[in-house]
Amino acid sequence: QVQLVESGGGLVQAGGSLRLSCAASGRTFGSYGMGWFRQAPGKERERVAYINWSGSSTSYADSVKDRFTISRDNAKNTVYLQMNSLKPDDAAVYYCAAGAGAASLTYWGKGTLVTVSS
């Protein structure tokens, strides 16, 4: 079992930056792939970024490429999402998820709200 707790959300002006963190419990964190997702009101959930267990491979949604960076610190059981050049369209609840791979993310956090003012 893995429990995930997101933090770092808040209100930011367009063009600003935020760093989200996702702290995981459990000794197997280092063996899991991790993803960041977001969901805005009335919209489908979207996978924003994914990082494999070692951090050697990452992938991003086209909408955030070159603006967002996913990283992880396995010693701290934490995954991060650095978000730069934020746009109003980035406003959403952001969730982190963990699992054996990108297609099997089975553990989810409760989310953190990001609001971007124009």
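A pocket here is an open set of points on a 1 Å grid where a 1.4 Å probe fits, with protein on both sides within 12 Å along at least five of seven lines. Its lining residues, which have an atom within 4 Å of a point, include Arg38, Glu44, Arg67, Lys87 and Asp90. By class, I noted 8 charged (Asp, Glu, Lys, Arg), 2 polar and 2 nonpolar residues in this lining.

I recorded that residues are numbered from 1 along each chain. In this predicted model, local features need pLDDT of at least 70 and side-chain atom pairs pLDDT 80 or more, while totals for linings use all residues.

I then searched for disulfides (cysteine sulfur atoms within 2.5 Å) and found 1 in the whole structure. Cysteine 22 and cysteine 96 form it, with sulfur atoms 1.9 Å apart. Cysteine 22 is in strand E3 and cysteine 96 in strand E9, so the pair ties together parts 74 residues apart in sequence. Strands are DSSP runs of at least two residues. The S-S torsion is about 50°, so the disulfide is right-handed. Cysteine 22 is buried at 0% relative accessible area, and cysteine 96 is buried at 0% as well; buried means under 20% with a 1.4 Å probe.

Methionine 83 is in contact (heavy atoms within 4.5 Å) with residues including Leu18, Phe68 and Val114.

Notes. Side-chain values use heavy atoms; hydrogens and water are left out. Helices (H or I, at least four residues) and strands (E, at least two) are DSSP runs, numbered from the N terminus. Buried means under 20% relative accessible area, exposed over 50%, partly exposed in between (1.4 Å probe, protein chains only). Lists of a residue's contacts leave out its neighbours within four places in sequence.
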